[in-house]
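Dear colleague,

Please find below the sequence and structure that I am handing over to you.

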Amino acid sequence: MAGQTVVLRPTGAQHVAAFMAILQHPEVAKWWGGYDLERVRRELLGPHGYAIELAGEVVGLIIFHEENDPDYRHAGIDIALHPDAHGQGLGADAMRTLIRYLFERRGHHRIVIDPAASNTRAIRSYERVGFSPVGLMRQYERGSDGRWHDGLLMDLLRDDFRG
């Protein structure tokens, strides 16, 4: 899938080394801790994962999951970029590209994302794409420090999408 600047490529074994390098970078690992080779292969490869490429180089990853119960149908996304790719609009381009796919091709009406409540950089980026805060999820996830941290639930409705 082509965005304005990035390309989203379906994930495969060829992406494992790049994903490991991204996820083990200290600025990323504090939000995406606990990924080893087995977990990368199990959770980030497959039909719901994409490598984010800029000029043929992997600069990040983006994944989605779906709730298919017709009464609760929606999709959720998660994204990680190498810090060298921060501040260039690449994450927003990747998110808009995947969101368009989820709305137009997969038929979703709502997308959710759940950053750490203290990850202000990510939250600002998600707001620029059109996500709105829904609520604070207390002690939502265990951080790389072993402690429980709050998460911020954000959502984006199809009618509110700017992309």
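The notes below describe what was found in this structure.

Please note that this is a predicted model, in which local features need pLDDT of at least 70 and side-chain atom pairs count only at pLDDT 80 or more, while totals for chains, interfaces and linings use all residues. Residues are numbered from 1 along each chain as its sequence is written, and side-chain values use heavy atoms, with hydrogens and water left out.

Helices (H or I, at least four residues) and strands (E, at least two) are DSSP runs, numbered from the N terminus.

In what follows, contact means heavy atoms within 4.5 Å. Not counting residues up to four places away in sequence, M95 touches I62, I77, I79, I113, S125, Y126 and V129. M95 also lies 9.9 Å from I52, C-alpha to C-alpha, although 43 residues separate the two in sequence. T97, with its neighbours within four places in sequence left aside, is in contact with M1, A2, G3 and L8.

A nonpolar core is a set of buried Ala, Val, Leu, Ile, Met, Phe, Trp, Tyr and Cys residues joined through side-chain atoms within 4.5 Å. The largest such core has 32 residues, of which I52, I62, I77, M95, L98, I99 and F131 touch the most other members. At least two residues of this core come from each of β2 (49-54), β3 (57-67), β4, α4, β5, α5 and β7. Helix α4 supplies the largest share, 9 residues. There is also a second, separate core of 14 residues, which includes F19, V28, Y35 and L44.

Helix α5

In helix α5 (residues 120-129), the buried residues are A122, I123, S125, Y126 and V129. Viewed down the axis of α5, these residues fall within an arc of 160°, so they line one face of the helix; the arc is that of the directions from the helix axis to the C-beta atoms. They pack against β4 (74-81), α4, β5 (110-113) and β7 (148-157). After α5 comes G130, with a positive phi near 125°.

The pair α1 and α3

Helix α1 (residues 16-24) packs with helix α3 (residues 37-44) at an angle of about 110°, and their axes are 10 Å apart. Axes are lines fitted to C-alpha atoms, for helices over the stretch in contact, and angles run from 0 to 180 degrees between N-to-C directions. The two helices, α1 and α3, are therefore roughly perpendicular to each other, a class that spans 65 to 115 degrees, with angles under 35 degrees roughly parallel, over 145 roughly antiparallel and the rest oblique. At this packing, V16, F19, M20 and L23 in α1 meet L37, V40, R41 and L44 in α3.

Most residues other than glycine have a negative phi. A55, which is not a glycine, has a positive phi of about 50°. A55 lies in the loop between β2 and β3 and counts as exposed, at 83% relative accessibility. Q139, in strand β6 (residues 132-142), has a positive phi near 45°. Q139 also counts as exposed, at 56% relative accessibility.

Yours sincerely

Notes. Buried < 20%, exposed > 50% of the residue type's maximum accessible area, 1.4 Å probe, protein only.
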